[in-house]
Amino acid sequence: MRSTSATSTLRAVLGDTLRRYLGVGLLTLAVLTTGATALWAAGPRVSAILDDDVYHLLVLGSDADPLHGAGSGSRGTNALAGRADAIHLISVSADRQHASIVSFPRDVWTGSARINEGLMGGPERMVGVVEGVTGVDIDDWAVSSFSGVVGAIDAVGGVRIDVEQRLLNSSASTDLQPGVQTLTGWSALGYARDRKSRSDGDFGRSTAQANVLRAVHEQYVAGEGPMGLADGLAVLQNHVATSIPAHKLIVLASIASQLDPANVTHVQIRGSLGFAGAASVVRLNNAASAVFAQLQAEGVITP
């Protein structure tokens, strides 16, 4: 639980930086999470602080839970050394006006292992694995755990989701009816983790995780969240581990609040189901390669 003193300290540290770069009262934080938190970029006023290239952020949800012990299928309690239960690459165009979310099923075969095992070597190792599969140069990473997702979603007042079907799965703690509804942290986690209720399994679960990311971003752009910038950064500090340095995080947070949700494209990476030995895997095809090439060059996926 975030303390008042922690928030006050954050406000004091950030005050001068905010006035220098952004202007008082300009910004709202966009918190994006699946087990993980993401930040997009747009807006020429502050984007010059970043490189002028396409920006790529790898967002991961770990199956290890440092707050409540091992979760279902977890490999321990260190979120930075579990397996990746959620894998999303968020890319922002060089003009900072468009973004893409590319979602990966956790069983993508890399040639020697399933892609989700890369996180067991730490986030930097996972970055290298995803770069090897995609050919995309990744700038930063962000990792959260099951409890991190729950805490972050609850901190922003829940997330409004159009649940696409009946979801009932005891292993994912899911019991949801179809339709538009505001999900609490635990309900959102269940929605994002349930693959057994979905006919397309892990592909559908990965898409659901992206739905959560997009929904939270839409709420922040619409000004529906209860938090300001300092409070949002405190949430990140409590629930997310990331390689993004503080000054860069402030810029990304501000630009995220200006990015039109209509300019955010989602692509679910698919492939053929098969086996590598006894392991069930997903083998990517030429369509995935075309997506990765466009992502690296432009940061935006067009239909």
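With which residue does Arg205 form a salt bridge, and how far apart are the closest N and O atoms?

Analyst: This is a predicted model, in which local features need pLDDT of at least 70 and side-chain atom pairs count only at pLDDT 80 or more, while totals for chains, interfaces and linings use all residues. Residues are numbered from 1 along each chain as its sequence is written, and side-chain values use heavy atoms, with hydrogens and water left out.

Arg205 forms a salt bridge with Asp202, and their closest N and O atoms are 2.9 Å apart; the term stands for a side-chain nitrogen of Lys or Arg within 4 Å of a carboxyl oxygen of Asp or Glu. Both residues lie in helix α6 (residues 201-221), 3 residues apart, which is about one turn of the helix; helices (H or I, at least four residues) and strands (E, at least two) are DSSP runs, numbered from the N terminus. Arg205 is buried, with a relative accessible area of 3%, and Asp202 is buried as well, at 15%, where buried means under 20% relative accessible area, exposed over 50%, and partly exposed in between (1.4 Å probe, protein chains only). Salt bridges that share partners join Asp85, Arg106, Arg193, Asp202 and Arg205 into one network.

Arg193 and Asp85 are both buried.
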